[in-house]
Amino acid sequence: MRGVIMHAPGDVRVEDRDDPTILEPTDAIVRLTASCICGSDLWPYRGAEPVDHAPMGHEYVGVVTEIGADVKNVKVGDFVVGSFWSSDNTCEICQAGYQSYCVHRTLMGTLGTQAEFARIPLADGTLVATPGQPDAELIPSLLAASDVLGTGWFAAVAAEAGPGKTVAVVGDGAVGLLGILAARELGAERIIAMSRHADRQALAREFGATDIVEERGEEGVARIKELTGGLGAHSVIEAVGTQEAMHQAIRATRAGGHVGFVGVSHDVSLDGLELFGAGIHLHGGAAPVRQYLPQLIQLIWDRRIDPGKVFDLTLPLEDAAEGYKAMDARRATKVLLTV
Ligand SMILES: [Zn+2]
């Protein structure tokens, strides 16, 4: 099969890879319909994380072509969506709703779903079949559910977005934008998008943002305070992962409020005394996307939400290197790869 290999930072190639095979009786093989490039794939691409001939990709939708002897919940021919962590969905951690911390988890990025086929470990717990074969127009939104929508959703839940709440969103990448959509679906009263890019501001408004703040850092915090009677937002979503973004999120949250942080943390350190003084809730980490998949798939199937709008560039898998370039240069928010 063909698949993406990142040889080194900045060096992405599409190459022949071995076809995946069933290794465990709980595995399934999926012929991928589409995959995509994640903001987190840019960390190794930019040399901020080590990388050496790594298969890439952890977001995926497709059709089951083979199942192991113990797989019961999906069958050959099913169209499926899965999370970027495989999970058994039965251990105590999964049952508590934290499938991304399953005691048997595997990070799908280590298997690489920017490819024609993928082996999905723990298929029964990881995959969710759609109600039928989806129309082509639903594919981008179903693919978004695999990570960016599920992650934005978790961020909004972790930030306790809901009726009567003012939600501020730090980060206008795909996850931040879909955090806005999630906050709207959860009933938030006011949603403040922090963004200085006109095209992303427009999509933020389409997804439910009521206010836009262009300032960053301390100025951004001051603007949020101004918009909230000096108190700060009830709920803040942090979808970047840098020191500046985390400070911005914590300082823009009112006492008693909640920060939902989902940006993969890079060199963030927090001062204990500042946290003590803030009196806020911090909740985040790797999103348990699997928890939300049935609900999100139904919302997409019923055409109530259209998260696939975050994809602003579609390329064939063979042109993946161009997709990485476009996202690195911020010429694209999120790139869909057709297989
Ligand atoms: Zn588990």
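Tutor: Let us begin with a definition: a crossing is left-handed if the near helix is turned anticlockwise from the far one by less than a right angle, and right-handed if clockwise. Helices (H or I, at least four residues) and strands (E, at least two) are DSSP runs, numbered from the N terminus. This is a predicted model, where local features need pLDDT of at least 70, side-chain atom pairs count only at pLDDT 80 or more, and totals for chains, interfaces and linings use all residues. Residues are numbered from 1 along each chain as its sequence is written.

Student: What is the handedness of the crossing of α8 and α9?

Tutor: α8 passes α9 in a right-handed crossing, so the near helix is turned clockwise from the far one.

Student: Why are α8 and α9 called roughly parallel?

Tutor: Helix α8 (residues 217–227) and helix α9 (residues 243–251) pack at about 25°, with axes 9 Å apart. Axes are lines fitted to C-alpha atoms, for helices over the stretch in contact, and angles run from 0 to 180 degrees between N-to-C directions. Angles under 35 degrees count as roughly parallel, over 145 as roughly antiparallel, 65 to 115 as roughly perpendicular and the rest as oblique. The two helices are therefore roughly parallel.

Student: Which residues of α8 and α9 meet?

Tutor: Gly-217, Gly-220 and Val-221 in α8 meet Glu-244, Gln-248 and Arg-251 in α9; contact requires C-beta atoms, placed from the backbone, within 7 Å.

Student: What makes β1 and β2 a pair?

Tutor: Pairing takes at least two DSSP bridges, and six join β1 (residues 2–8) to β2, antiparallel.

How values were computed: Two residues are in contact if their C-beta atoms, placed from the backbone, lie within 7 Å.
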